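Keep the structure open as you read.

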Amino acid sequence: MTKVTIPQLQKMKDRGEKIAVLTAYDSAFARIFDRAGIDVLLVGDSLGMVIQGHPNTLPVTLDQMAYHGRAVARGATRAHVTVDMPFGSYQVSREKAVESAIRLVAEGGAESVKLEGGAPFASTIEAIVRASVPVMGHLGLTPQSIHKLGGHVVQGRGAAAARQLREDARALEAAGCYAIVLEAIPQELAAEITAGLRIPTIGIGAGAGCDGQVLVSYDLLGMDDAFQPRFVRRYAELAQIVGEAAALYLDDVKTARFPTEANAFSDQPSPVRLAASGGEGHGPK
């Protein structure tokens, strides 16, 4: 199986092949998405919301990103793995940004990093790229700036805002980004920016004119049945399925239908090797 590399992602844009990106936060989901053929696994700081239960991404730390990055990297053999740089890991200084990016590669299994922000971060991106760490940019709705933006609202509406996004996109490309995420901007603007860049764009809530698409995997899987923004398409309803499984387990335990003899051990060795969740042969015998 051929490993997805940054040059291959560029070739996909050049030949008009769409790029499929999903977030992943652990080895199990990374392995499933990798086997399904997903091109890029993004270890997103969205884990602060979907894994940790925070109202936004701001509390996520660099240690946590490195931890989840390592887990995803262990589960991915084909997909390219990029890891978000969390809030505070790159805004203070270029030196800290480079140190943070290097750590995500050395300790977090990252093959590239993603950071938010436009032209003001161009010199930071240049410094990280000079340190041999590839960078994916992120424009439009940038969740780490929600207090400045006034919440999770569409960006790039109006002539001045659209012009700024175009300038930011060109600045990020010139700074050395290999791709740019465009989040929650008008689809016409996203298509225009995409056509004007040599590097790929990855859209989320930015229409079909981008070179690829990314979704938070927990949204795609329907893990939160109360959350369904306009830009998300649910491909499963796992919240319902998992809840039903837990309810069945609860009933079996309460009524003593689980465990049965088939799930128990005797004082005699069994010829059957039992598999645990960690893999065959790791369970008791």
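Helices (H or I, at least four residues) and strands (E, at least two) are DSSP runs, numbered from the N terminus. What you're looking at is a predicted model, where local features need pLDDT of at least 70, side-chain atom pairs count only at pLDDT 80 or more, and totals for chains, interfaces and linings use all residues. Residues are numbered from 1 along each chain as its sequence is written, and side-chain values use heavy atoms, with hydrogens and water left out.

Start with H4, residues 62-75. Its 14 residues reach 20 Å from the first C-alpha to the last, close to the expected 20 Å, where the expected span is 1.5 Å times one less than the number of residues. Which residues of H4 are buried (under 20% relative accessible area, with a 1.4 Å probe and protein chains only)? They are Leu62, Met65, Ala66, His68, Gly69, Ala71, Val72 and Gly75. An α-helix has 3.6 residues a turn, so residues three or four places apart point the same way. The buried residues of H4 pack against helices H2 (27-36), H3 (47-50) and H5 (94-106), plus strands E2 (40-43) and E3 (80-84).

Leaving aside residues up to four places away in sequence, Leu104 touches (heavy atoms within 4.5 Å) Leu62, Met65 and Ala66, among others. Leu104 also belongs to the largest nonpolar core, a core being a set of buried Ala, Val, Leu, Ile, Met, Phe, Trp, Tyr and Cys residues joined through side-chain atoms within 4.5 Å. That core has 56 residues, and Leu41, Leu104, Ile128 and Leu182 touch the most other members. H8 supplies the largest share, 5 residues. A second, separate core of 14 residues includes Ile19, Tyr178, Ala179 and Ile202.

A pocket here is an open set of points on a 1 Å grid over the protein atoms alone, where a 1.4 Å probe fits, with protein on both sides within 12 Å along at least five of seven lines; lining residues have an atom within 4 Å of a point. The largest pocket is lined by 50 residues, with Glu183, Ile204, Gly205, Phe231 and Val232 nearest its centre. Among the elements giving two or more residues to this lining are E6 (179-183) and H9 (187-196), while E1 gives the most, with 5.

Methods:
Buried means under 20% relative accessible area, exposed over 50%, partly exposed in between (1.4 Å probe, protein chains only).
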